[in-house]
Amino acid sequence: MFRSSRRLATLPALGAVLLAVVAAATAAAPPAGAAAYVPISGAGSTWSQNALDQWRRNVTQYGMQINYQGTGSSDGRNQFRNGTVDFAVSEIPYGLTDTGVVDYPPARKYAYMPIVAGGTAFMYNLKINGKRVTNLRLSGLTVARMFTGEIKFWNDPAIAADNPGLRLPARRVVPVVRSDGSGTTAQFTLWMSKLYGAQWNAYCGRAHLPTPCGLTSEYPVIPGSGFTAQAGSLGVSGYVAQDHSEGAITYVEYSYALNASFPIAKLLNRSGYYVEPNANNVAVALLAAQINGDLTQKLDGVYNNADKRAYPLSSYSYMILPTARENGFSTDKGATLGAFAYYFLCEGQQSAPLLGYSPLPINLVQAGLTQVRRIPGVNARNINIAKCNNPTFTTTGKNRLAQIAQFPPACDLKGPTQCVTGTGGAHNTPTANSGNGSGRGNGSGGSGGSGSGGNSPGNGGGSAVAGAGNRTSATGTPSARRTTTIDPDTGQAVTGTDNSQQGGGTEDVVAEPVSVDSGIGNGLERVLMVLAGLLFIGLTVGPPLLSTVFSRRRSS
């Protein structure tokens with residue numbers, strides 16, 4: 001009887017030891033090929049961070065650990081220059097003059113590689129009689145005057161001219177700019193300097209900066225101007241999205257407005273149409289981009305693209321790659337970075353439209369695959385471009401998204417009419433016209449459908465195309481989002497449920513990589529996992545069963 005009790009008491013201890021052995025063996029047996037992947041780190045752009053974060057989550061299943069800090073493009077370039085990160089991401093290259101200061105290239109060897117395209121949008125927070133405005137339109141000149149302090153109130157005649165269907169409130173405009181060195185700021189100020197130099201240079205002069213001003217990655221804020229500065233894309237978009245921030249407007253990558261379920265202003269293009277930066281309109285605009293020999297971009301043609309669908313503030317984001325073993329970058333790190341790059345240049349581009357970006361066209365993917373081969377230690381692959389599964393590719397080499405992009409409706413043409421359908425993350429929330437103009441409920445991209453009427457939205461009968469997917473749950477069905485906000489005009493809580501928000505960066509979009517040296521586990525690992533499961537069941541069921549058996553023996 002004593003010996004039986006000792007045996008019973010020893011079982012849990014023995015089980016614990018066995019479990020520890022199995023766990024150690026399992027930990028020592030990583031997925032096939034995963035042992036070749038060592039962690040790597042990068043820093044830089046917040047403009048493209050939502051895409052990068054999604055890709056980083058996707059490749060963890062293959063044993064890759066990609067650490068990334070969205071600290072702003074300027075900081076990312078500085079960290080890469082100083083050798084504190086393995087790669088950087090930026091919307092602007094080295095060597096440019098920023099308000100009289102040259103951003104010198106690093107001593108280490110490097111190359112540029114485009115990673116994703118997108119549009120810089122103008123996210124805003126505005127209400128009329130307590131109801132959110134979701135169909136705002138702005139010309140480029142109006143935007144430039146708002147962000148240089150010339151336009152101070154939302155009912156300014158220039159804004160009213162862009163929005164004949166809205167009776168705008170006499171609320172102060174609050175421009176929200178980046179407080180950190182930002183590629184988004186550089187893109188925005190470069191655009192202003194090219195098209196609206198008089199307004200931008202006058203503002204820079206008041207800020208005591210040398211003129212002509214050109215681009216700057218750090219937005220100058222004049223004390224007492226009424227501007228607000230916030231760090232990072234999340235900082236500016238989060239500020240605008242707060243209930244107390246009515247009247248605020250900021251520049252940020254389109255993805256952030258989708259995530260915040262907030263509208264963006266349709267921007268007037270050269271053809272006289274107000275358009276938003278969905279994946280298709282960005283693809284159309286970038287057909288006019290000039291790609292330099294080092295793969296950097298020149299966007300003058302994009303700003304002035306005469307296509308009716310083109311979004312003027314479209315651009316690319318770049319990864320800065322090391323091309324030599326120096327500053328702590330090893331061939332082991334190169335193997336990881338190369339595998340990650342192969343993933344996002346092909347399969348990763350599939351998630352770009354859902355996340356609020358536009359996938360790279362075929363010529364830049366091919367150029368990117370060439371750049372990957374320059375990474376020290378990369379396991380170079382001969383990728384069949386036809387199997388890249390990029391949504392922009394066609395058999396003829398044309399950009400598919402540009403081919404299927406819908407032309408804007410007549411109510412988006414500059415003039416007395418104005419569409420009532422919402423934009424960005426509020427695309428399912430129309431705004432009834434309150435001005436003297438007439439409206440048309442029309443949807444392009446994902447919102448779809450058309451209809452006419454002064455104050456009524458059209459029927460959403462269109463089919464979704466790339467760049468405007470609905471937010472869905474893991475099962476593929478639309479997920480409901482319950483929101484509660486406080487109306488600053490009435491002080492009342494407004495609660496509602498949105499069953500079809502536009503997709504954003506919080507969704508896990510998983511795609512299989514074209515060529516990644518990894519697997520789901522070797523035979524030994526699977527055997528050990530099965531043994532661990534059986535052992536767990538035995539330890540759970542065994543002791544009570546044995547106790548019952550011993551008790552019966554003692555009774556007999």
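## A first look at the fold

Contact means heavy atoms within 4.5 Å.

This is a predicted model, where local features need pLDDT of at least 70, side-chain atom pairs count only at pLDDT 80 or more, and totals for chains, interfaces and linings use all residues. Residues are numbered from 1 along each chain as its sequence is written, and side-chain values use heavy atoms, with hydrogens and water left out.

**The chain as a whole**

The chain has 556 residues, and 52% of them are buried. Buried means under 20% relative accessible area, exposed means over 50%, and partly exposed is in between, with a 1.4 Å probe and protein chains only. The secondary structure comes to 16 helices and 22 strands. Both are DSSP runs numbered from the N terminus: helices are H or I with at least four residues, strands are E with at least two. Among contacts with a separation of 6 or more, 73% join residues 24 or more positions apart.

**The core**

Tyr219 also belongs to the largest nonpolar core, which holds 120 residues. Along with Phe122, Phe147, Phe188, Trp191, Met319 and Phe344, Tyr219 is one of the residues that touch the most other members. Strand S6 (residues 110–124) gives this core its largest share, nine residues. A nonpolar core is a set of buried Ala, Val, Leu, Ile, Met, Phe, Trp, Tyr and Cys residues joined through side-chain atoms within 4.5 Å. In soluble globular proteins, nonpolar side chains tend to be buried together.

**The eight-stranded sheet**

S6 is also part of an open sheet of eight strands. The order is S2-S1-S3-S17-S6-S12-S10-S11, and the pairing is mixed. Strand S2 (66–69) and strand S11 (228–230) are the edges, each pairing on one side only. From one strand to the next, the twist averages 25 degrees. Two strands pair if DSSP finds at least two bridges between them.

How enclosed is S6? Because 14 of its 15 residues are buried, S6 is largely enclosed by the rest of the structure. S6 pairs with strand S17 (residues 314–322) in the antiparallel sense. There, Pro114 stands opposite Tyr318. S6 also pairs with S12 in the antiparallel sense, and Met123 has Thr250 as its bridge partner in S12. S12 (residues 248–253) pairs in turn with strand S10 (residues 174–178), in the parallel sense. In that pair, Pro175 stands opposite Ile249.

The table lists pairings by sense and number of bridges.

| Strand pair | Sense | Bridges |
|---|---|---|
| S6 and S17 | antiparallel | nine bridges |
| S6 and S12 | antiparallel | five bridges |
| S10 and S12 | parallel | three bridges |
| S9 and S13 | parallel | two bridges |

Helix H8 (residues 232–241) lies across S6, S10, S11 and S12. H8 runs at about 150 degrees to S12. Axes are lines fitted to C-alpha atoms, for helices over the stretch in contact, and angles run from 0 to 180 degrees between N-to-C directions.

**A three-stranded sheet**

Another open sheet has three strands in the order S9-S13-S14, with mixed pairing. Its edge strands are S9 (137–138) and S14 (274–275), each pairing on one side only. Arg137 has Lys266 as its bridge partner in S13.

**A pocket**

The second largest pocket has a volume of about 330 Å³. Its lining has 18 residues, and Pro93, Leu96, Leu190, Leu215 and Gln297 lie nearest its centre. Which element gives the most to this lining? Helix H6 does, with four residues. H6 (183–195), strand S16 (297–298) and helix H11 (300–303) each supply at least two residues. A pocket is an open set of points on a 1 Å grid over the protein atoms alone, where a 1.4 Å probe fits, with protein on both sides within 12 Å along at least five of seven lines; lining residues have an atom within 4 Å of a point. Grid points are joined across faces, edges and corners, and a volume is the space filled by probe spheres set on the points.

**Backbone details in loops**

The peptide bond from Thr211 to Pro212 is cis, with omega near 0 degrees. Pro212 is in the loop between helix H7 (197–206) and S11.

Leu295 is not a glycine, yet its phi is positive, near 75 degrees. Leu295 lies in the loop between strand S15 (290–291) and S16. Is Leu295 buried or exposed? Its relative accessibility is 10%, so Leu295 counts as buried.

Asn327 also has a positive phi, near 55 degrees. Asn327 sits in the loop between S17 and helix H12 (331–345). With a relative accessible area of 39%, Asn327 is partly exposed.
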